[in-house]
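Please walk me through this structure in plain terms. I would like to know how its parts are arranged and how far the model can be read.

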Amino acid sequence: MQEHSAHILLVEDDPAIARTVCYALERDGIGVRHCLQLADARAQWRSQRFDALLLDVGLPDGNGLDWCRELRSAGSVVPLLVLSARGEEMDRILGLELGADDYLTKPFSPRELVARTRALLRRAQRLQPAPPAAPAPLLSLDPQGQRVCMQGMPLELTRREYQLLRCLMERPGRILSREFLLDSVWGQDSDSTDRTVDTHVKTLRAKLRAIAPQQDFIATHRGMGYSLTLPQ
C-alpha cells in the first residue's frame, strides 16, 4: 500500500472532474478524500486532519467561498485552493480576499492542479513554526572539551575539580570510595589524603548549588564515600 506524503480534502460535485483530480493526486503520492457536498465535507473536516483543501465554488448545498470565509474566520490556516468555472478577474479576487491561497479556473490541467497543490503544501511547510529546542540537560559532561556544563553553560572548575566530577558522572549512582577517587584523580604517587577529596567535594557542591540550589548532586555515604545523581 502506497504511503501518502499528504492528505487533502476535495470538495467537488462533478464526478468526472473528481475522478480525474483524485487519480492525478493519488498518482503523485497525495491521499485524497472526496466529498460531493458541503455537508459531507464539513463532517469529514471535523473528524480528521487534512493537509490541504481543494474546494469547488458551486456546490449543490451551498457556496464553497462561504465555507472558505468561515474557516478563515475560525482561525484555520490550512492551504486552500479554490476550483471554479467562473474565471473572471473579480471572482478570482473575491476568492483570494476571502482567504483562498490559490484559484484555479475550470477546465484545468490535472498536472497544473497537482503542481499548484504541491506548491501550497511546500509553502505551508515552510511557514510552520520550528519545534522548540530541547532544553539543555541540567548537568552534562563534555570529555572532548574537558568541561562540565550546567544548563548548557560551562562550569568554572579547576583541573582536579573537573577530574573528580567527571569520575563521579561517569559512574552515576555508584558509591565511590575516597581511595578510589584519590587513585583515579590524583594518582597512587600523590601525597594527597582523604581530606583532599573531602575538600574538593565541598567546593564542587558549592559551585553546583550556586546555579541549582534545589538540586543536591553529590551525596555523602558515611564510611563509604560519595555518589552522584544525574537528574533526568
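Glutamine 146 is found in the loop between strand 8 (139–142) and strand 9 (147–150). Helices (H or I, at least four residues) and strands (E, at least two) are DSSP runs, numbered from the N terminus. The phi of glutamine 146 is near 50 degrees, a positive value in a residue other than glycine. Glutamine 146 is also exposed, with a relative accessible area of 55%. Here buried means under 20% relative accessible area, exposed over 50%, and partly exposed in between (1.4 Å probe, protein chains only).

The model is predicted: local features need pLDDT of at least 70, side-chain atom pairs count only at pLDDT 80 or more, and totals for chains, interfaces and linings use all residues. Residues are numbered from 1 along each chain as its sequence is written, and side-chain values use heavy atoms, with hydrogens and water left out. The term pLDDT is the predictor's confidence in each residue, from 0 to 100. The protein averages a pLDDT of 88, and 94% of the residues score at least 70. Where pLDDT is low, the predicted coordinates should not be read in detail.

Five strands form an open sheet in the order 2-1-3-6-7, with parallel pairing. Strand 2 and strand 7 stand at the edges with a single partner strand each, so one side of each has no neighbour in the sheet. From one strand to the next, the twist averages 20 degrees (axes are lines fitted to C-alpha atoms, for helices over the stretch in contact, and angles run from 0 to 180 degrees between N-to-C directions). Two strands pair if DSSP finds at least two bridges between them. Strand 3 (residues 52–56) and strand 6 (residues 80–84) run parallel and are joined by four bridges. Leucine 55 stands opposite valine 82 in strand 6.

Helix 3 covers residues 64–73, and its buried residues are Gly64, Leu65, Trp67, Cys68 and Leu71. Seen down the axis of helix 3, these buried residues fall within an arc of 155 degrees, so they line one face of the helix; the arc is that of the directions from the helix axis to the C-beta atoms. An α-helix has 3.6 residues a turn, so residues three or four places apart point the same way. At the N-terminal end, asparagine 63 caps helix 3, with a side-chain oxygen 2.7 Å from the backbone nitrogen of leucine 65. After helix 3 comes glycine 75, whose phi is positive, near 95 degrees.

Another loop, between strand 7 (102–105) and helix 5 (110–127), holds proline 107. The peptide bond from lysine 106 to proline 107 is cis, with omega near -10 degrees. Helix 5 includes alanine 115, which is partly exposed at a relative accessible area of 45%. Alanine 115 and isoleucine 175 are 60 residues apart in sequence and 64 Å apart in space, C-alpha to C-alpha.

How many disulfides does the structure hold? It holds zero disulfides, a disulfide being a pair of cysteine sulfur atoms within 2.5 Å. The sulfur of cysteine 35 is 9.9 Å from the closest cysteine sulfur, in cysteine 22, too far for a bond. Cysteine 149 is in no disulfide either, and the nearest cysteine sulfur, that of cysteine 167, is 19 Å away. Cysteine 35 is buried, with a relative accessible area of 1%, and cysteine 149 counts as buried at 9%.

Definitions and conventions
Polar contact = N/O pair within 3.5 Å; in protein donor to acceptor, adjacent residues only side chain to side chain.
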